Amino acid sequence: MEARGLRSVASTSGAMTDTRCCHRRALFRCRGFGLNARATVFTTTSSSSSSPSSSSSSSSNEVLEQILSTIRAAEAMNEDPDFFALLGIENDEELRSLSTQTIKKSYRERARRCHPDIAGEDGHYACVVLNEAYATLMDDELREAYMEDRALTRGLGVWDEDEFAYYEDGNVFAEAMREEAYTGEPLSKIVALDHFANRVDKEDPRRREEQLNKAVFVDEITCIGCGHCATCAPPTFRNLEPSGRARAFGQWLSTEREVQEAIDMCPVDCIHWVPKEQLAPMEYVIQHVLTDRVGVASLMSGQGSHRMADPFQKTQEFLKFLSQREERRERFINDRKRRARAKEQKEEMKKERDERRRRNRQKWWG
């Protein structure tokens, strides 16, 4: 069977730039998500037998996943990650009495658990950001400036509450994000590369690289629920109830050959290979934005095609929406900073006037 090429969001219009640039800061563009960075990792536990080493490994994995999740969530919102959250310091009381010793202790503990010799490439990615957080927070001036910016950013209660009120009624993206926040994480399950269920080709480095850079996506709008995909690659595909439509349950839980067979067997071409960086926005759009479905019976009879949206085109629009939303947010933050600076200057001028008056009174009245 001849493998079909990847279908990307950009290919629907030919004019779209790299989608990663739409919602990531320059700080992270050099790394991207990393080959093995994943939001969800399958773990197996046994209540009957557990050892200290396995417990330590599990704890390290949890710390690593927490750090990676914090970084990726910030990337999805085009923000810098919260340095305190990266170091596990999120309690307000701890922040008030924060010392360099506390920062150093938290950093060393987390850096040890994320060391590349233990956690591999994911650990290297996490350590790069941890090192920047540590360097910033250990410098008194940098930490003070960072905390001021953080206070402004985290204090945008009006933005958080009224953000989507800015958009006109009927904006499907604003309505979807009001109901379900977009995290930038895939909605299908992801297993670690070294997990026994991961079927990526680990013997051939070139093929492994190719496989890790793509993912499988199901266009649930055009799916007719034939069930062929779940038969060819049951770990990867599931049929939803009650419609019977297919959905990609997990990534690389089946071999590439099994997934490709499912793609070739699909009678309506609703299964696609897509670049991995497009998987998260595409799954969000198909599950939370394009929620209307034409009945399978109508599809089989050739009716309702005018109601069927293109998820690739819609995802392109969604990424544009995220980019514009971030621009608005940046303007809002800058305006808040400008107002804060103006308020400080006004207070300083008032203090100077009061001081001059006090001196004048002392001059004239002795």
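Phe321 touches Tyr167, Asn171, Phe173, Ala174 and Met177 in this predicted model, a list that leaves aside residues up to four places away in sequence. Phe321 is also one of the three residues, together with Tyr182 and Phe318, that touch the most other members of the largest nonpolar core, a set of 25 residues. The elements that contribute two or more residues to this core are α9, the strand β2 (214-218), α13 and α15 (311-365), and among them α13 gives the most, with seven residues. Apart from this core lies another, of 24 residues, which includes Tyr107, Ala126, Leu130 and Leu137.

The axes of α9 (residues 172-179) and α13 (residues 276-289) come within 10 Å and cross at roughly 85 degrees; because angles from 65 to 115 degrees count as roughly perpendicular, α9 is described as roughly perpendicular to α13. On the side of α9 the contact is made by Val172, Phe173, Ala176 and Met177, and on the side of α13 by Tyr284, His288 and Val289. Sorted by class, the contact of α9 with α13 has six nonpolar residues, one polar residue and no charged residues. Two of the α9 residues in this contact, Phe173 and Met177, are also among the residues that Phe321 touches.

The aromatic side chains give a further view of this region. How many aromatic pairs does the structure hold? The structure holds eight, and Phe173, Tyr182, Tyr284, Phe318 and Phe321 form one aromatic cluster. Phe173 and Tyr284 of this cluster take part in the contact of α9 with α13, whereas Tyr182, Phe318 and Phe321 are the residues named above as touching the most other members of the largest core.

A pair of aromatic rings is described by the distance of the centres and the angle of the planes. Of the eight pairs, the one formed by Tyr107 and Tyr134 is stacked, at 4.0 Å centre to centre and with 20 degrees between the planes. Tyr107 lies in α5 (residues 100-113) and Tyr134 in α6 (residues 116-138), so the pair ties together parts that are 27 residues apart in sequence. Tyr107 and Tyr134 are both buried. The rings of Tyr182 and Phe318, by contrast, have their centres 5.1 Å apart and their planes at 85 degrees, so this pair is edge-to-face. It links distant parts of the chain, with Tyr182 in the loop between α9 and β1 (189-190) and Phe318 in helix α15, 136 residues apart. Tyr182 and Phe318 are likewise both buried.

With their axes 9 Å apart, α5 and α6 pack at an angle of about 170 degrees, which makes α5 roughly antiparallel to α6. The contact is made by Thr100, Ile103, Lys104, Tyr107, Arg110, Ala111, Arg112 and Arg113 of α5, and by Ile118, Ala119, Cys127, Leu130, Asn131, Tyr134, Leu137 and Met138 of α6. By class, the residues of the contact of α5 with α6 divide into ten nonpolar, two polar and four charged.

Most residues other than glycine have a negative phi, and most peptide bonds are trans. The peptide bond from Glu241 to Pro242, however, is cis, with omega near 0 degrees, and Pro242 lies in the loop between β3 (237-239) and β4 (246-248). Trp252, in the loop between β5 (250-251) and α12 (256-265), has a positive phi, near 60 degrees; at 6% relative accessibility, Trp252 counts as buried. Asp269, in the loop between α12 and β6 (271-275), also has a positive phi, of about 55 degrees, but at 41% relative accessibility Asp269 counts as partly exposed.

For the chain as a whole, the secondary structure comes to 15 helices and six strands. Of its 366 residues, 42% count as buried. Among contacts with a separation of 6 or more, residues 24 or more positions apart account for 75%.

Note on methods. Residues are numbered from 1 along each chain as its sequence is written. This is a predicted model: local features need pLDDT of at least 70, side-chain atom pairs count only at pLDDT 80 or more; totals for chains, interfaces and linings use all residues. Side-chain values use heavy atoms; hydrogens and water are left out. Axes are lines fitted to C-alpha atoms, for helices over the stretch in contact, and angles run from 0 to 180 degrees between N-to-C directions. Helices (H or I, at least four residues) and strands (E, at least two) are DSSP runs, numbered from the N terminus. Angles under 35 degrees count as roughly parallel, over 145 as roughly antiparallel, 65 to 115 as roughly perpendicular and the rest as oblique. Contact means heavy atoms within 4.5 Å. Ala, Val, Leu, Ile, Met, Phe, Trp, Tyr, Cys and Pro count as nonpolar, Asp, Glu, Lys and Arg as charged, and the others, Gly among them, as polar. A nonpolar core is a set of buried Ala, Val, Leu, Ile, Met, Phe, Trp, Tyr and Cys residues joined through side-chain atoms within 4.5 Å. Buried means under 20% relative accessible area, exposed over 50%, partly exposed in between (1.4 Å probe, protein chains only). Rings of Phe, Tyr and Trp (its six-membered ring) pair if their centres lie within 6.5 Å; planes under 30 degrees apart count as stacked, over 60 as edge-to-face and the rest as tilted.
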